[in-house]
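Here are my notes on the model you sent over. Have it open while you go through the points.

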Amino acid sequence: MRHSLTAAFAFACLLPAAAFADADAILADAARACAEQDNGVFASEGAVRQIDMTGDGTEDTLVDEALFTCTTAASLFSGSGGSMIHILANGTQSSFLVQGYETVRWGNTLIVLLALGGTDCNTINANPCFEALTWVGDRFVSVRPAGE
């Protein structure tokens, strides 16, 4: 349950940089959490993508926990609030609790669109709301005030 609690507390906010060293550390943590659930077997097929998130021409890593599975705990990595995505870019980690995401290009800028639960927008969780992120300098920015 430790992993589910991590997701519950994140609520689409940035976690501290370097919470995980890399995608392998995220996968290892998830595999450990699954094994702790009655020796479950973990799988992560398709969960790790390489994409230039910062626009610097270098591939960054996106880890999508919605694609994680555990044979003994169906809801270990996802729940009604969504699941975590982790973006590892330029030595930083940004993690978000999302119900889904898309990346789109606007000219030379990559925009990460996050589908959030309504509670992130001061309504009930069933009402969807969205956030758009872009990479500026050394971090993702949004119109959302810092710390929300």
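1. Strand 6 and strand 7 (residues 92-98) run antiparallel and are joined by seven bridges. Strands here are DSSP E runs of at least two residues, helices are H or I runs of at least four, and both are numbered from the N terminus; two strands count as paired if DSSP finds at least two bridges between them. If you want a spot to look at, H86 has S95 in strand 7 as its bridge partner. The two strands form a hairpin with two residues between them, and N90 takes a positive phi near 50° there.

2. Keep in mind that this is a predicted model, in which local features need pLDDT of at least 70 and side-chain atom pairs count only at pLDDT 80 or more, while totals for chains, interfaces and linings use all residues. Residues are numbered from 1 along each chain as its sequence is written, and side-chain values use heavy atoms, with hydrogens and water left out.

3. How far can you trust it? pLDDT is the predictor's confidence in each residue, from 0 to 100. The protein chain has a mean pLDDT of 84, with 83% of its residues at 70 or more. Go carefully with residues 1-18, where pLDDT stays under 50. The model does give that stretch 33 contacts beyond four places in sequence, a contact being heavy atoms within 4.5 Å. Where pLDDT is low, though, the predicted coordinates should not be read in detail.

4. Back to strand 6 (residues 82-89), which has other partners too. Strand 3 (residues 60-64) pairs with strand 6 in the antiparallel sense over four bridges, and L62 stands opposite I87 there. Strand 5 (residues 78-79) also runs antiparallel to strand 6, with two bridges joining them. In that pairing G79 faces G82, and the two strands make a hairpin with two residues between them.

5. Is strand 6 buried or exposed? Eight of its eight residues are buried, so strand 6 is largely enclosed by the rest of the structure. Buried means under 20% relative accessible area, exposed means over 50%, and partly exposed is in between (1.4 Å probe, protein chains only).

6. Next, have a look at the open sheet of four strands, which has the order 8-9-10-11 and antiparallel pairing. Strand 8 (100-106) and strand 11 (139-141) stand at the edges with a single partner strand each, so one side of each has no neighbour in the sheet. On average, neighbouring strands of this sheet are turned by 30° against each other, direction ignored; the axes behind such angles are lines fitted to C-alpha atoms (for helices over the stretch in contact), and angles run from 0 to 180 degrees between N-to-C directions. Strand 8 and strand 9 (residues 109-116) are joined by seven bridges, and V104 sits opposite I111 in strand 9.

7. Now the nonpolar packing. A nonpolar core here is a set of buried Ala, Val, Leu, Ile, Met, Phe, Trp, Tyr and Cys residues joined through side-chain atoms within 4.5 Å. The largest one has 17 residues, and those with the most contacts inside it are M53, I87, F96, L114 and F140. Strand 6, strand 7, strand 9 and strand 10 (129-136) each supply at least two residues of this core, and strand 9 gives the most, with four. A second, separate core of 15 residues includes A23, I26, A30 and A73.

8. Which cysteines are paired? A search of the whole structure finds two disulfides, each being a pair of cysteine sulfur atoms within 2.5 Å. One joins C34 to C70, S to S 2.1 Å. C34 lies in helix 2 (residues 23-35) and C70 in strand 4 (residues 69-70), so this link ties together parts that are 36 residues apart in sequence. Both ends are buried: C34 has 0% relative accessibility, and C70 has 9%.

9. The other disulfide joins C121 to C129, S to S 2.0 Å. Its torsion about the S-S bond is about 85°, so the disulfide is right-handed. Here C121 is partly exposed at 33% relative accessibility, whereas C129 is buried at 8%. With the bonded cysteines numbered in sequence order, the pairing reads 1-2, 3-4.
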